[in-house]
Amino acid sequence: MLTHAVAAQPSWEFAEDVRAGLTKPQKELLSKYLYDDVGSALFEVISVLPEYGLTRADERVLQRNAYEIVERLPQPVTVAELGSGSGKKTRWLLKALARRQPTAYCPIEISPTALAMCKRELGDIDAISIVGFEREYLDGLAEVAEGRKKDQSLLVLFLGSTIGNFDRPAGLEFLRQIRGILREGDALLLGTDLLKPIPHLLGAYADPLGVTAAFNLNLLGRINRELEADFVLEEFEHVALFNAGARSVEMHLRSKRDQTVTIGAAGFSVRFAAGETIWTESSHKYSKDEVVQMARDTGFACEAQWVDREWPFAESLLVAE
Ligand SMILES: C[S@@+](CC[C@H](N)C(=O)[O-])C[C@H]1O[C@@H](n2cnc3c(N)ncnc32)[C@H](O)[C@@H]1O
């Protein structure tokens with residue numbers, strides 16, 4: 001895999017984001033920082049946990065419908081995947097595309113570990129050439145779009161319900177920004193986890209093995225490692241809760257006692273009261289109709305949707321108008 005590698009997250013930016021987030025009244029840390037090498041490896045484990053139905057549901061949808069999805073695409077097509085992770089589920093689509101034509105696949109990732117996993121996972125598919133971009137989503141997408149040949153359409157993959165990490169207005173704005181980079185007729189395959197009973201939703205983010213807790217706590221470990229901080233990880237605990245107003249599952253890290261933490265490389269200290277939380281991630285949940293409306297509001301038309309029945313999860317094919 002050829003990789004265009006520019007550190008997508010310079011450490012000064014990480015330090016600034018940590019300072020900005022931990023000095024808000026509701027302390028928060030951006031979820032993109034969950035994915036260092038440890039976090040990316042832990043996410044792979046989460047994706048096979050019995051309680052985390054999302055990844056399996058998404059994979060079932062892609063496996064069962066890959067040929068139908070590909071038949072609906074113009075050709076030739078270049079594929080760009082936003083936040084590919086290991087790219088495991090993408091294999092089904094790439095294999096279907098490879099039967100039609102040689103295809104360039106461009107995973108766009110802030111995590112170099114995820115990009116390396118993606119290369120290992122998908123590097124063996126004949127007629128697929130992989131060019132990885134170590135970039136933020138939109139920077140990477142703009143580069144792929146600029147670099148494509150004139151006759152190539154673009155298929156953007158945003159799988160796994162990662163769109164749910166944005167709140168609803170920010171999600172719409174993100175879709176608009178994607179649309180701004182695309183040409184008419186280009187496509188976006190968008191994965192969304194659908195609303196379901198709250199115990200199922202919450203169980204996916206609070207597994208009894210504690211893998212999701214480790215994934216969440218690793219963010220404090222990362223700040224210790226990269227920004228000379230002195231978080232004592234045992235003094236924080238993972239919390240998952242359902243926010244009914246936002247229709248999202250939130251992950252937090254709760255301070256077990258009053259304490260002060262110093263983040264050396266960011267030049268500040270922060271106090272935590274016992275019980276106070278740091279909000280680290282939201283995963284918004286949708287209805288099928290809401291996705292159709294989101295497409296309309298952002299310059300796309302929803303051409304088709306495929307839904308997993310076992311764990312309600314939708315893949316929607318949005319075409320740029
Ligand atoms: C929830 S995981 C999903 C991985 C995979 N798409 C799946 O469906 O299983 C999100 C992935 O997006 C990457 N990511 C998060 N924020 C990003 C950003 N701003 N730009 C590029 N990649 C990002 C992370 O490194 C991570 O691998």
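**Figure legends: the protein chain and its helix 6**

**View 1. Contacts across the protein chain.** In this predicted model, 74% of the contacts in the protein chain with a separation of 6 or more join residues 24 or more positions apart. The protein chain holds ten helices and 14 strands.

**View 2. Overall dimensions of the protein chain.** The C-alpha trace spans about 60 × 40 × 35 Å along its principal axes. The radius of gyration is 20 Å. A compact globule of 321 residues would have a value near 20 Å, so the protein chain agrees with that expectation.

**View 3. Inside and surface.** Buried residues make up 54% of the 321 in the protein chain. The protein chain carries 36 positive and 47 negative charges. The mean positions of these two sets lie 3 Å apart.

**View 4. The two faces of helix 6.** Helix 6 covers residues 137–147. Its buried residues are G140, L141, V144 and A145. These residues span an arc of only 135° around the axis, so they sit on the same side of helix 6. The face turned away from this buried side carries the exposed residues E146 and G147.

**View 5. Packing partners of helix 6.** Which elements do the buried residues of helix 6 pack against?
- strand 3 (77–82) and strand 4 (103–109);
- strand 5 (128–134) and strand 6 (153–158);
- helix 7 (168–181).

How values were computed:
Residues are numbered from 1 along each chain as its sequence is written. This is a predicted model: local features need pLDDT of at least 70, side-chain atom pairs count only at pLDDT 80 or more; totals for chains, interfaces and linings use all residues. Side-chain values use heavy atoms; hydrogens and water are left out. Helices (H or I, at least four residues) and strands (E, at least two) are DSSP runs, numbered from the N terminus. The radius of gyration is taken over C-alpha atoms; the globule rule is 2.2 Å times the number of residues to the power 0.38. Buried means under 20% relative accessible area, exposed over 50%, partly exposed in between (1.4 Å probe, protein chains only). Contact means heavy atoms within 4.5 Å. Lys and Arg count as positive and Asp and Glu as negative; His and the chain ends are not counted. The place of a charge is taken as NZ of Lys, CZ of Arg, CG of Asp or CD of Glu. The arc is that of the directions from the helix axis to the C-beta atoms.
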